Amino acid sequence: MNPLTQPHSGRHFLQIPGPTNVPDRVLRAIDGPTIDHRGPEFAVLGKAVFAGMKKVFKTAGDVVIYPASGTGAWEAALVNTLSPGDRVLMAETGHFATLWRKLAERLGLVVEFIPGDWRHGADPDAIAKRLAADSAHAIKAVCVVHNETSTGVTSKVADVRVAIDRVGHPALFMVDTISSLASIDYRHDEWGVDVTVGGSQKGLMLPPGLGFCALSEKAWRKTKTSTLPKFYFSLADELKYVVKNEVRFTPAVSIVVGLLEALRMMETEGLANVFKRHDRLARATRAGVEALGLELFAKATPSPAVTAVAAPKGLDSEKVVAAYSQSQNITIAGGQGEMKGKLFRLGHMGYAAEFDVINALAALEQVLADIGHPVDFGSSVRAAQKIFAEKS
Ligand code: PLP
């Protein structure tokens with residue numbers, strides 16, 4: 001927020017689904033002199049963050065940390081395990097699934113996109129059906145976005161694994177957890193995921209700049225035969241460093257320092273409590289939105305990290321986003337891709353608490369009233385407070 005262009009006094013609130021708010025503790029940790037990434041201090045830091053990220057991914061395997069946004073991790077997942085012309089099965093869950101598809105096609109992969117309406121998560125039965133028909137095992141990977149940030153819909157990762165196993169297909173299973181990691185329960189090993197990709201700027205409460213890849217043993221084996229070109233993102237080369245708690249190239253040192261602090265915060269709260277908190281905030285947000293007579297965009301499996309709201313008929317959702325910013329000093333998100341103008345999104349991921357939800361809902365009432373939409377003032381806040389008043 002540029003104070004020179006914003007007329008507001010008082011605090012600005014960032015309530016988008018990433019990048020998310022960075023806690024003061026993390027900001028203070030980052031606000032130190034840069035350290036030598038080949039020196040003894042980084043050796044200690046590297047050891048701690050690699051170990052911490054294994055806990056976050058719930059994997060016993062190695063996790064790679066790239067100085068990249070989530071898209072870099074997406075690319076790394078594909079170029080390290082697949083070869084030109086390989087067939088990949090993806091599920092159309094929204095804007096990010098569509099972008100991952102574009103990336104795969106640009107790399108020379110052949111993508112089969114299981115169509116979706118953006119209001120439901122990936123359909124495990126549809127995936128199983130397609131894999132069952134692939135008796136020649138031409139499909140080399142199945143890719144699913146865990147939390148479709150663009151629509152506020154989640155996919156049931158464990159169910160997709162079960163579906164793949166049910167038909168005995170050997171395809172790799174890849175999952176994008178860029179906006180679910182450290183917000184929504186996720187279990188890389190237990191759910192049999194082969195490559196999980198993540199990013200720093202969402203549930204991990206950090207600035208953008210780190211991309212993560214966690215691999216299964218099967219996926220590590222595939223890195224030996226994959227022939228798509230890679231240099232910067234070569235996981236096999238990176239692994240030689242990771243096993244020594246080092247990194248191959250200059251890391252985003254300051255953000256890695258911040259990561260250690262964020263990991264400490266999550267350790268204190270407990271990951272299970274982090275997930276519970278997100279779930280509670282999401283339920284309260286949904287209750288508040290519905291109390292205003294608005295329609296939730298998700299038709300099933302709504303996201304604990306972001307709530308997408310369908311714009312009332314005849315109202316361009318961009319107007320809601322603009323009004324939030326202009327009159328409330330709150331930045332929320334609009335629709336992306338095909339959903340531009342059709343929905344708006346309230347983020348409640350990462351460093352978020354009850355007040356953030358109450359704040360966003362109270363502001364929503366004001367925004368809607370300003371736009372001329374009938375509003376029963378206080379109704380959405382009351383609905384959210386009722387959820388917060390419930391035990392657990
Ligand atoms: N996948 C999901 C689910 C996302 O939410 C995003 C970004 O918001 C991306 C991929 C792309 O990540 P990045 O913008 O960090 O490159």
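**A walk through the fold and its salt bridges**

The protein chain exposes about 16400 Å², and carbon and sulfur atoms supply 54% of that (Shrake-Rupley method, 1.4 Å probe). Keep in mind that this is a predicted model: local features need pLDDT of at least 70, side-chain atom pairs count only at pLDDT 80 or more, and totals for chains, interfaces and linings use all residues. Residues are numbered from 1 along each chain as its sequence is written, and side-chain values use heavy atoms, with hydrogens and water left out.

Now the overall build. You'll find 13 helices and 14 strands in the protein chain, taken as DSSP runs (H or I, at least four residues, for helices; E, at least two, for strands) and numbered from the N terminus. Buried residues make up 57% of the 392 residues, where buried means under 20% relative accessible area, exposed over 50% and partly exposed in between (1.4 Å probe, protein chains only).

On to the charges: there are 24 salt bridges, each a side-chain nitrogen of Lys or Arg within 4 Å of a carboxyl oxygen of Asp or Glu. Take Arg-119 and Glu-295, whose side chains meet at 2.9 Å, N to O. Arg-119 sits in the loop between strand 4 (110-114) and helix 5 (124-133), Glu-295 in strand 11 (residues 295-296), so the pair ties together parts 176 residues apart in sequence. Arg-119 counts as buried at 18% relative accessibility, while Glu-295 is partly exposed at 38%. Glu-295 also pairs with Lys-299 (3.0 Å, N to O), and Lys-299 is partly exposed at 48%.

Elsewhere, Lys-58, Asp-185, Arg-187 and Glu-190 are linked in a salt-bridge network.
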